[in-house]
Amino acid sequence: MSQIRVLVGTRKGAFVLTSDGKRERWEVSGPHFAGWEIYHVKGSPADPNCIYASQASGWFGQIIQRSDDGGKTWHQPGTPAGEPAAPGPPKSTSNKFAYDASASALNTHQWYDGTQRSWEFKRVWHLEPSLTDPGTVYAGVEDAALFCSTDGGESWKELPGLRGHGTGPKWQPGGGGMCLHTIILDPNNPQRMYTAISAAGAFRTDDGGASWKPINRGLYSQYIPDPRAEIGHCVHHVAMHKSRPGVLFMQKHWDVMRSDDAGDNWREVSGNLPTDFGFVIDVHAHEPETIYVVPIKSDSEHFPPDGKLRVFRSRTGGNEWEPLSKGLPQRDCYVNVLRDAMAVDSLDKCGIYFGTTGGQVYASADAGESWNPIVRDLPAVLSVEVQTLASSR
Amino acid sequence: MIRVLLPQHLRTLAQVGSEVEIEVEGPATQRSVLDALEGRYPMLCGTIRDQVTQQRRPFVRFFACEEDLSHESPDAPLPEAVASGAEPFIVIGAIAGG
């Protein structure tokens, strides 16, 4: 029987939730890295036992962790736990994210007040393992940049073409900082990749990350001087179905958007949503026109409208939405669901998972018709990823 | 032999107790102590000082002999009591608020 492994990053550690394919009974392990902020945990599609985690602290900075046994044990890549180091200068570089400063255009970005400010590494928001090589992984960081490791996380090198394509000095931080939070790899074209940055917008490369272009035509954001500007949009998350890598769905700060041409043009598909502000968006594993969002009241009130936690599903690729609330709190609920905190499994029926800032992780084993909490009282959930494993332990 | 006291999170990372003992070649300074510490426990690289700039992380402080040494030059000699191992070099996460 298949097994499901849910990887949860929280404000105070990581948790691994496992179940068989029925998705009724769950085992909870953790906290891993107790007391640290875990922005993201994600497994390699090529080797599900290889899992990367971003561990961060306002005091002690960024740590990259890797597990080679499905999340049971962890180590910093290149630095096995407890192993004495050889004499000489420190060699550990698994948490060294050095910006490429080879061109002047890469040196500054826009600050909240409109002035220019130097790039400063703060943390890794998102880790995206290669679709084919467990040792290759991309990291989206704050201040926004894209890094890549080809040695299992032991060392990192920036792909400077993204910051350096020309609009970098116009990028500015959103409320959560200037973060590169979304990395999508095209399964049909290894040269194509998408990223999204708050608050700069979405970008695409068609040459393996060497060069990039903004893909924000059709986005409209009233909070920037030119609402239709090429750059400056606060994209919260982007999702893609692997069978149609040219079709993208976006939850922007406000507005749910859709592109049918790999991001070259976007159109709004918010339709009858009660509010089109939100953070998460994801696509059903088997139905590429079925998408999910969690509407949040507004950019100043980060909780569900009317105190009712509802997932909204569209089976038409947007515009027509239905609320899914069975099993979710329908009164006095004032949690948020952050941008990387929703994921789907690939079982039939498709399982949907999301975590809240109140520490609940909800699961639906029937594509959203009904929900149950796997856990209710974790620290605030920052990210949720799901692995669908071929067989049980 | 230099004694170094680590905060809880860094003990967990390095899988050590609260105090570690390290050997330092040459004069005992913040830089030589941290070089030796990171050499012995490379998993601590970047957690106390930035990997690129080598600057002390803003929320990390260095205390010894009831003095705050955080703003001393990294190449200034540490107190003799630290160099001799009589007193520890304390790495601490700065506390703000209550």
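This is a predicted model: local features need pLDDT of at least 70, side-chain atom pairs count only at pLDDT 80 or more; totals for chains, interfaces and linings use all residues.
Trainee: What is the order of the strands in the open sheet of 3 strands in chain A, and what does its twist average from one strand to the next?
Mentor: The pairing in this sheet of chain A is antiparallel, and the order is β4-β5-β6. Its edge strands, each pairing on one side only, are β4 and β6 (61-67) of chain A. From one strand to the next, the twist averages 15°.

Trainee: Which residues of β5(A) are the bridge partners of I38(A) and K42(A)?
Mentor: Strand β4 (residues 37-43) of chain A is mostly covered, with 7 of its 7 residues buried. It is joined by 6 bridges to strand β5 (residues 51-57) of chain A, and the two run antiparallel. In β5(A), I38(A) has as its bridge partner Q55(A), while the bridge partner of K42(A) is Y52(A).

Trainee: Where in chain A is R23(A), and is this residue buried or exposed?
Mentor: R23(A) is not a glycine, yet its phi is positive, near 60°. Most residues other than glycine have a negative phi. The place of R23(A) is in the loop between β2 (13-20) and β3 (27-32) of chain A. Because 22 other C-beta atoms lie within 10 Å of it, where 20 or more are needed, R23(A) counts as buried.

Trainee: Where is Q54(B), and is it buried or exposed?
Mentor: Q54(B) has a phi near 65°, again a positive value in a residue other than glycine. Its place is in the loop between α2 (30-40) and β3 (60-64) of chain B. With 11 other C-beta atoms within 10 Å, and a cut-off of 12 or fewer, Q54(B) is therefore exposed.

Trainee: Which peptide bond is cis with omega near -5°, and which is cis with omega near 15°?
Mentor: Most peptide bonds are trans. A199(A) lies in the loop between β14 (193-198) and β15 (201-205) of chain A, and K349(A) lies in the loop between β25 (342-344) and β26 (352-355) of chain A. The bond with omega near -5° runs from S198(A) to A199(A), and the one with omega near 15° runs from D348(A) to K349(A).

Trainee: Over which residues of chain A does pLDDT stay under 50?
Mentor: Chain A averages a pLDDT of 94, and 95% of its residues score at least 70. In the stretch where pLDDT stays under 50, the model has 12 contacts beyond four places in sequence, and that stretch is residues 84-90 of chain A.

Trainee: Why is chain B as compact as a globular protein of its length, and what pattern does it follow along the sequence?
Mentor: The globule rule gives 13 Å for 98 residues, and the radius of gyration of chain B, at 12 Å, is close to that value, so the chain is as compact as a globular protein of that length. Its C-alpha atoms fill a box of roughly 35 × 25 × 25 Å along the principal axes, and 33% of its residues count as buried. Chain B has 3 helices and 5 strands, and read along the sequence they follow the pattern β-α-β-α-β-β-α-β.

Trainee: Which elements are included in what covers the buried residues of α2(B)?
Mentor: The buried residues of α2(B) are Q30(B), S32(B), V33(B), L34(B), L37(B), E38(B) and G39(B). What covers them includes four strands of chain B, namely β1 (2-5), β2 (19-22), β3 and β5 (89-93).

Conventions
Residues are numbered from 1 along each chain as its sequence is written. Chains are lettered from A and ligands numbered from 1 in the order in which they are written. Two residues are in contact if their C-beta atoms, placed from the backbone, lie within 7 Å. Two strands pair if DSSP finds at least two bridges between them. Axes are lines fitted to C-alpha atoms, for helices over the stretch in contact, and angles run from 0 to 180 degrees between N-to-C directions. pLDDT is the predictor's confidence in each residue, from 0 to 100. The radius of gyration is taken over C-alpha atoms; the globule rule is 2.2 Å times the number of residues to the power 0.38.
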